[in-house]
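Welcome! Please take a moment to look over the structure shown here before reading on.

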Amino acid sequence: VGLTAILTSKNTKRLTTLRIRSVSDYNFDEDGDGDGGRPDVLAAFANAKGDRSLEELHIGENELTSGAVGHLKSSPVLAKLRILSVDFNSDDTQLARLLGDAKWLDAVHTLSLNETTLPVVKKVLGRELSSLHTLSLTSSFPRSALKGIVATLTGASKQKALQSLDLLGCDVDDTALKKLGAATTLPALISLRLGAGAKSRYSNDESPFSEDAAKALLGSPLGKQLRSAVVGFEELDRLPPLERVGLGGDDDDDDDDDDDDDE
């Protein structure tokens, strides 16, 4: 009811960002064993009015049913969507269906699929999205370690618009790193992050690749085109320099000229 009100109220016509994450918990039946399932919150998009346009949508950790996918794919409020986050999704079959069929995904610039699986990534890369410049695929669980992600990236069609890729916590070993360095499918990539994710009960903070392999990556054809590279070894990490910004927008060092101009 609450989400339907947001998507239909005359007071929310100017809404451009919507975050719906873990809105509902499991419905417990009379026995209290949880067989009631989780409410299909996202089905509310069936009622969304076309007099509003969302530019940013976060729907991670919500039940993504077949019905919800159908409503999301055809929802008029997503026609101008530019940022989409579907982290921690529990049904990869339905997520792959959504990302494979939704026409509005063609215009999305930033896509976050943290804690996802390889079939979902393959579905996205297979679309050769012309507007997608940022893709986040971080992992902190074995299920989402994306073993084989480099083979998927190098075996896919060219991702001509992709500039930023986050693989932190993904299963990328020395062999995979060498293959990534020779990749020709990421011609626009200028920012890359990989290495061990945050230490937890499900993973540790040990890098899946060696320092030598990381150094070789940065010296590879792909590595040389990167402006920002975070590989988990501080002495190797490459970050973009801060832009010089002076007072009043002047970044030169000629104080005499500045004084003359002021006068």
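Keep in mind that the model is a predicted one.

**Salt bridges**

The structure holds 8 salt bridges.

| Pair | Closest N and O atoms |
|---|---|
| Lys13 and Asp51 | 3.8 Å |
| Arg19 and Glu56 | 3.2 Å |
| Arg193 and Asp166 | 2.7 Å |

Let's begin with Lys13 and Asp51, which form a salt bridge. Lys13 sits in the loop between helix 1 (2-8) and strand 1 (17-19), and Asp51 in the loop between strand 1 and strand 2 (56-58), so this pair ties together parts that are 38 residues apart in sequence. Lys13 is partly exposed at 41% relative accessibility, and Asp51 is partly exposed at 40%. A network of salt bridges links Lys13, Asp51 and Arg52.

Next come Arg19 and Glu56, also joined by a salt bridge. Because Arg19 lies in strand 1 and Glu56 in strand 2, the pair ties together parts 37 residues apart in sequence. Arg19 counts as exposed at 57% relative accessibility, whereas Glu56 counts as buried at 16%.

Arg193 forms a salt bridge with Asp166. Arg193 is partly exposed at 33%, while Asp166 is buried at 13% relative accessibility.

**Helix 2**

Which residues of helix 2 (residues 66-74) are buried? They are Ala68, Val69 and Leu72. Viewed down the axis of helix 2, these residues fall within an arc of 100 degrees, so they line one face of the helix. Helix 3 (92-101) is included in what covers them.

Definitions and conventions: Residues are numbered from 1 along each chain as its sequence is written. This is a predicted model: local features need pLDDT of at least 70, side-chain atom pairs count only at pLDDT 80 or more; totals for chains, interfaces and linings use all residues. Side-chain values use heavy atoms; hydrogens and water are left out. Buried means under 20% relative accessible area, exposed over 50%, partly exposed in between (1.4 Å probe, protein chains only). Helices (H or I, at least four residues) and strands (E, at least two) are DSSP runs, numbered from the N terminus. The arc is that of the directions from the helix axis to the C-beta atoms. Contact means heavy atoms within 4.5 Å. A salt bridge is a side-chain nitrogen of Lys or Arg within 4 Å of a carboxyl oxygen of Asp or Glu.
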